[in-house]
Amino acid sequence: MNTLEIKNLNVSIDGQAILKDFNLTIPKGEVHALMGPNGTGKSTLAKVMAGHEDYTVESGEILLDGVNILGEDPDEIAKAGLFLAFQYPLEIPGVSIANFIRAARQARLPEGEDINAVEYYKELYAKMDALKMDRKFTARSLNEGFSGGEKKRCEILQMSMLNPTCCVMDETDSGLDIDALRIVSEGVNLMRGPERSFLVITHYQRLLDYIVPDVVHVMFDGKIVHSGDAELAKELESKGYDWVQEEFVNAPA
Amino acid sequence: MSDTDIQDEAINVDTEKGNFKYPENYAYDAGVGLNEDTIKYISDVKKEADWVREFRLKALEIFKKKPMPTKWADQDLENIKFDEIRYYLSKGQQPSRTWDEVPDDVKETFERLGIPEQERKFLAGVEAQFDSEAAYSRMKEDLEKEGVIFVGSSEGLEKYPEIFKPYFGKVIPTADNKFSALNSATFSGGSFIYVPKGVKLKQPLQAYFRINAENFGQFERTLIIADEDSEITYMEGCTAPKFETATLHSAVVELVALKNAKIQYITVQNWSSNVFNLVTKRGMADEGAEVKWIDCNIGSRLTMKYPGVVLKGKGARGEVLSIALANDGQHQDTGAKMIHLADNTTSNIISKSISIGKGRSTYRGQVHMPKHLKNCKNNTECDALLINTNSRTDTYPAITTRGENNTVQHEASVSKVSAEQIFYMMQRGLSEGEAMSLAVNGFVNDLMKAFPMEYSVELKRLIDMEMEGSVG
Amino acid sequence: MNTILENPTTSTTDEPAWLADRRAAGLEQFKNLPMPSARDEMWRFASVGRLSIDGYDATDAPAADTVAALVGRSNLVTEREGLSVYVNDAQANFEGISDELAAKGVVYLPIADAVAQHPELMEQYFLKESTELGSEKFFGLHAASIKAGSVLFVPKGVEIEKPFVNYYWTSGEKAAVFPHTLVIAEDNAKASVVDIFFSETEENEALNVSVSNIHAGAGANVFRKIVQDWNEKTVSFQLDTTVADRDAQVKNVAVNIGAERARFENQTRIEGPGADVKMYSLTVAEKNQEFDQRTFQTHNAGNAVSDLLYKNALLDNARTIFSGLIKVAEGAQQTDAYQTNRNLLLDPTAEANALPGLEILANDVRCSHGATTGNVDADELFYMMARGISKRVAMQLMVFGFFEEVIEKVESDELAENLRQLIRNKFESKIK
């Protein structure tokens, strides 16, 4: 059973094609990394998966656990099990982290059923401790005035509290120092398991030292041009993306 | 108190909850329209002293002479039909001291609004006004023993003239504006409160104002005197059914905080969308005293209300914290006035408004430091949140400053909830409406903290209700 | 009201019919509208009870030697493209444009010559933009009486770096003057003007009702600087409007020092996306002076910027009124509009009034206004004195620091230094 299947996805914005016959399959329990130079469509893919309305989907399918989620509202996709860790998490003034995650959890319960507050806080605090987040953070407004590292940790905290089956991490390593990177990666590694898949989008190989992927894909101009194992990331790091272009894009098919 | 508790103990009050009415059945009815006979009828029914009767008649003359403030205010005021309104309706003038004695329909009204339950839970006293008169009024016995007076306006003027008469109509003179004159002519009900020297009320007193009758005008009059070193919190709530025709609510509220006293006055206004809510509220703060208005306006068709504080004694403090929510067809025209008349006085105004659909919210403010004063401070912040592309907000402050070492600061900003913020929250599984509600609650969150817990819960629910259907 | 201004004699038979009509309409407006009243929202806080225009009249230019002396004193800006000097609305000096600019189609002329030589242009723009901020009556008087002023027309794509400088002087007894500056910059043109208002002596009483209109076409760049240093026997109205089209950039910088009472009505109307209009003002008010500033930033198109900064320093019994309104029309999304009023009270008897207003009918906007009033910061003063600077010098430094934010925006070292000197002359000795 595959957690994620993206089939022949074509996406444009303002008439300009961004994703071109994009295909990707992630079997249950696997971690895939998606690498590629800037402007190649990685973040667009993440937003389209999450149901962002700014993009025009020309054709294709995105199956999450076998069900097409393309065209669904973002909250329905989220509730279906997809979590997107944002590259630039938004600041929501006046809404505390605790209340925000709680509202998100509540949204996943059937009508009339309420969260057990005591257990909720117990779980929240335990997960914050694991991410080395100060418990005082629960009362702070979501992402407001957070450093880059704090924002990304807060994303991972939400990911672990919302229990998704498919996690898409969009440039989670950007803006992180090495300590924060390690903590964030540990948080992700703790969530790895046979029932959960990951798509780790990154420009740099560094993150993949900590989150070791099962498969590495290289994306170029709107599609995956090459795939390999974890060693591919290291090769990319040393040879650069120009090598990909020469080797796999310009080469005759 | 953690936020856990707030959410778990939510009180179920919503905008629809007030939308019911009982058949009209009144023993006393001043009829339709306003003239000298109307005033005399009210005075007769209340068996008032001559000076009160004269006070009313003089006010009627002033009301007639004063023009509508449509030069600067909403033209919708022209749609008030003074000749079609009923100015006095009651089942009797004496409020009951137990809920059992309250007529069944009135009792059921307040039970549906949760008043007896709130009284048991956290209030020091309650007065429940049904149209023109209080149907129920009761205060905890130990407060009575301490000398606290908590009565209706008629009873206050009749039984305790030596306490109330010196301040009645002094903080807000009859001629202050057209609607203070109207209230001075027609007033009935409301609370007259006296807190003796040094007495500090730990729990709030509450009044609940209910309009049940159509084409009706409610004109309650409140006067709170906090003697030296005393403290009191007073809360008022209001609802009315949704009628076909316009209803008028025009109150006058005067607060007197004597030396080092503290008065906190909290309003959650949730009138139905046909009510003209034109209220004059002003407090006087003596040396070292503090007057704080916490004012939330959710309902009504047009609200005009600018709570003020006259900072009369050295070191007095004034504060207005206000939240206004203007939905389609509503105009929340609110604000604050701070009149500094002594050295070392400070005032603070925080106003947050939310406009939904074609709703319009307006802030009007006045900060006045007119004389040769020293070391006075004012800080004003007005933040407006606009939900839809055609929502409207206006800000019209007026600030006059003179003197030495005084500082005045006014800031206003306008913001919206961005599409990216909504997308972010929806990605976590919230619906668009929930995401919008959360953002709006976040916008007013820091002000909500100033509220007693029970009220902030109610307010949050009201905002959630108003936000439903505002997006998409 | 009892004023001889009701019978102006400016209209001549040479004038085209459209102008005669506009003058007649102006006179009607002047006669029919009442004097401002204290109850008028547009005049809130102004001491209208003491406002009088009685006894002033259009006056002839003074003797030749006086005129010559005033022309000599018209020397604030030496680097310039053109110059006009008027004394009591009579032309005293004129330096026209080079042949090169004339060949490109640039026009810089006295109003009357422009009406005669470019009637279509003038019919399109002259006296077409009235104030809407309360002085409509006085705009009418201006229209009926105007004879002095300059027109600058810069055609498409022509860029002129150096400014055109207009001096307007009053002289003699109870002179009424009606200066007019009209700037039309076509698409992608660049132009700058400096308007300077001076009195001959400290004593000559005068009434000024001036009007300035700027029309900035698509992508045009217009810079207007205003120096108002009337003597303290002058009653002044400056009724200015700016209309900015798509992508136009307009900057107004005003330094106001003079007059017994000065009313400013400054309107900006943004009619095209991408426009960027700046309105900066510095006022130094002393004795019994009253400066009454009314501003209006209208955004009729989205994606445009307007920024306003009015700084007032007050001494003695002076009063200032800043009343500003930002209006964002329905549909003008992505507007950035800012309005800031800062008042520095240097004496406890001075009074600053602020009425900063917003009317916003679109939700995706960045709009803010701020108004602050206060004294010199005591901590800053202490900090400087702790470094050994005397209190007097420290105060001066801080007050000039307060001014500098606006002064430096004139972007001319020469004019900036001249402005600093004017301010110093006026009140340096007063800061104790």
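These legends walk through close-up views of a predicted model.

**View 1. Chain A as a whole.** Let us start with the overall build of chain A, which has 9 helices and 12 strands. Its radius of gyration is 18 Å, close to the 18 Å that the globule rule gives for 253 residues, so chain A is as compact as a globular protein of that length.

**View 2. The surroundings of A:L82.** Here we zoom in on one residue of chain A and its neighbours.

**View 3. The largest nonpolar core.** This core holds 347 residues, and the members that touch the most others are A:L82, A:V168, B:I193 and B:A257. Helix 11 of chain B is the element that gives the most to this core, with 9 residues. Both domain 1 (14-305) and domain 2 (418-472) of chain B take part, each with at least three residues.

**View 4. Where chain B meets chain A.** In this contact, 20 residues of chain B face 28 residues of chain A. On the chain B side, two or more residues come from each of helix 1 (3-8), helix 10 (419-427) and helix 11 (432-448). Helix 11 of chain B has the largest share of that side, 7 residues. Sorted by class, the side of chain B that touches chain A comprises 7 nonpolar, 7 polar and 6 charged residues.

**View 5. Where chain C meets chain B.** Now for the other contact, made by 34 residues from chain C and 33 residues from chain B. Strand 18 (336-345), strand 19 (351-360) and strand 20 (366-374) of chain C each bring at least two residues to the side that touches chain B. Strand 19 supplies the largest share of this side of chain C, 10 residues. The residues on this side of chain C comprise 15 nonpolar, 13 polar and 6 charged.

View 6. A closer look at strand 19 of chain C shows its partner, strand 23 (residues 392-401) of chain B. The two strands run antiparallel and are joined by 6 bridges. Within strand 19 of chain C, C:A354 stands opposite B:I399.

Key:
Residues are numbered from 1 along each chain as its sequence is written. Chains are lettered from A and ligands numbered from 1 in the order in which they are written. This is a predicted model: local features need pLDDT of at least 70, side-chain atom pairs count only at pLDDT 80 or more; totals for chains, interfaces and linings use all residues. Helices (H or I, at least four residues) and strands (E, at least two) are DSSP runs, numbered from the N terminus. The radius of gyration is taken over C-alpha atoms; the globule rule is 2.2 Å times the number of residues to the power 0.38. Two residues are in contact if their C-beta atoms, placed from the backbone, lie within 7 Å. Ala, Val, Leu, Ile, Met, Phe, Trp, Tyr, Cys and Pro count as nonpolar, Asp, Glu, Lys and Arg as charged, and the others, Gly among them, as polar. Two strands pair if DSSP finds at least two bridges between them. A nonpolar core is a set of buried Ala, Val, Leu, Ile, Met, Phe, Trp, Tyr and Cys residues joined through C-beta atoms within 7 Å. A residue is buried if 20 or more other C-beta atoms lie within 10 Å of its own, exposed if 12 or fewer, and partly exposed in between; C-beta atoms are placed from the backbone. Domain bounds come from an automatic or database domain assignment.
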